[in-house]
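Good morning, and thank you for coming.

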Amino acid sequence: MSSVEELTLAQAHELRRGTVVLACLALLREPSYGYALLETLNGAGVTVDGNTLYPLLRRLEKQGLLTSEWNTDESRPRKFYRVSPDGSLVLTGLVREWQDLAASISRLTKENG
């Protein structure tokens, strides 16, 4: 792999890193447990590993953006996360920011392309 390819991959990773919060809040409008969320994110092309996702979920819960509850109905207890009312408001703001940013980047790349 060339150094340009390596640099592109590294920069793409940085670009995606900030989108994981937005993706998690969007997906957690419906309750989900960590591993299922991880699979959904990765399947959608938002690559994240467990060592990143689980601390992020705990941080978002501590900030009041997510709520959680344990489901002990199955043989293995699972902690389910769901976006909180405050998390829904933050999600709305982040989606608006994302759309504005995407429009700005689109304009810049057309102007300079």
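Is Arg17 buried or exposed? Arg17 is exposed, because its relative accessible area is 54%; here buried means under 20% relative accessible area, exposed over 50%, and partly exposed in between, with a 1.4 Å probe and protein chains only. Before I go on, please note that this is a predicted model, in which local features need pLDDT of at least 70, side-chain atom pairs count only at pLDDT 80 or more, and totals for chains, interfaces and linings use all residues. Residues are numbered from 1 along each chain as its sequence is written, and side-chain values use heavy atoms, with hydrogens and water left out.

I turn to the salt bridges. The term means a side-chain nitrogen of Lys or Arg within 4 Å of a carboxyl oxygen of Asp or Glu, and by this rule there are 3. One of them joins Arg17 to Glu14, at 3.8 Å from N to O. Both residues belong to helix 1 (residues 3-17), where they are 3 residues apart, about one turn of the helix. Helices (H or I, at least four residues) and strands (E, at least two) are DSSP runs, numbered from the N terminus. Glu14 counts as partly exposed, because its relative accessibility is 42%.

Another salt bridge pairs Lys79 with Glu61, with 3.5 Å between the closest N and O atoms. This pair links distant parts of the chain, 18 residues apart: Lys79 is in strand 3 (residues 78-83) and Glu61 in helix 4. Lys79 is partly exposed, at 24% relative accessibility, and Glu61 is partly exposed, with a relative accessible area of 24%.

Arg78 and Glu74 also meet in a salt bridge, at 3.6 Å from N to O. Arg78 is partly exposed at 25%, and Glu74 is partly exposed at 45%.

Let us next consider Leu53. This residue lies in helix 4 (residues 50-62), and Leu53 counts as buried because its relative accessible area is 0%. Which residues does Leu53 touch, not counting residues up to four places away in sequence? They are Cys24, Gly34, Leu37, Leu38, Leu41 and Val48, where contact means heavy atoms within 4.5 Å. The C-alpha atoms of Leu53 and Val21 are separated by 9.3 Å, although the two residues are 32 residues apart along the chain.

Thank you for your attention.
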